[in-house]
Amino acid sequence: MNIVYTGQQKAHEFRDVATGDVFLFEGYPYMRIQNVNSCGGFRYNAVTLKDGFLMTFKDTDNVAVIDADLVIK
C-alpha cells in the first residue's frame with residue numbers, strides 16, 4: 001500500500017476524532033475504529049494503516065487529523 005498525505009494537519013485530542021477519520025501519531029498514519037474488545041480484556045480504538053495492527057489511544061492523546069482519500073488503482 002502506498003500512503004500519501006499532503007496539506008495541513010489539524011491537531012486534536014483523540015476524543016475529537018470521528019470513527020473512520022485518519023490521523024497521524026508520532027509520524028505514523030492510523031484510522032479510528034469502533035471500540036473492539038479482545039478476549040484478554042484489551043480495548044482497541046484504532047488501526048495502523050500500514051500494517052493493520054490494532055492500537056489503543058487515550059482520549060487525551062494529541063493526534064494530527066488529516067484529510068485522506070482511498071484511491072484504488
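I began with valine 65 and looked up its contacts (heavy atoms within 4.5 Å). Setting aside neighbours within four places in sequence, I found valine 65 touching Gln8, Gln9, Lys10, His12, Val17, Val22 and Phe23.

A note on my source: this is a predicted model, where local features need pLDDT of at least 70, side-chain atom pairs count only at pLDDT 80 or more, and totals for chains, interfaces and linings use all residues. Residues are numbered from 1 along each chain as its sequence is written, and side-chain values use heavy atoms, with hydrogens and water left out.

Next I asked which residues make up the largest nonpolar core. A nonpolar core is a set of buried Ala, Val, Leu, Ile, Met, Phe, Trp, Tyr and Cys residues joined through side-chain atoms within 4.5 Å. Buried means under 20% relative accessible area, exposed over 50%, partly exposed in between (1.4 Å probe, protein chains only). I listed eight residues: Phe14, Val17, Phe23, Tyr30, Ala46, Phe57, Val63 and Val65.

Then I turned to asparagine 45, in strand β4 (strands are DSSP runs of E, at least two residues, numbered from the N terminus). Asparagine 45 counts as buried because its relative accessible area is 0%. A polar atom of its side chain lies 2.8 Å from the backbone oxygen of phenylalanine 57.

Last, I checked salt bridges (a side-chain nitrogen of Lys or Arg within 4 Å of a carboxyl oxygen of Asp or Glu). I noted one: arginine 15 pairs with glutamate 13, with the closest N and O atoms 2.8 Å apart.

Methods. Helix = DSSP H or I, 4+ residues; strand = E, 2+ residues; numbered from the N terminus. Polar contact = N/O pair within 3.5 Å; in protein donor to acceptor, adjacent residues only side chain to side chain.
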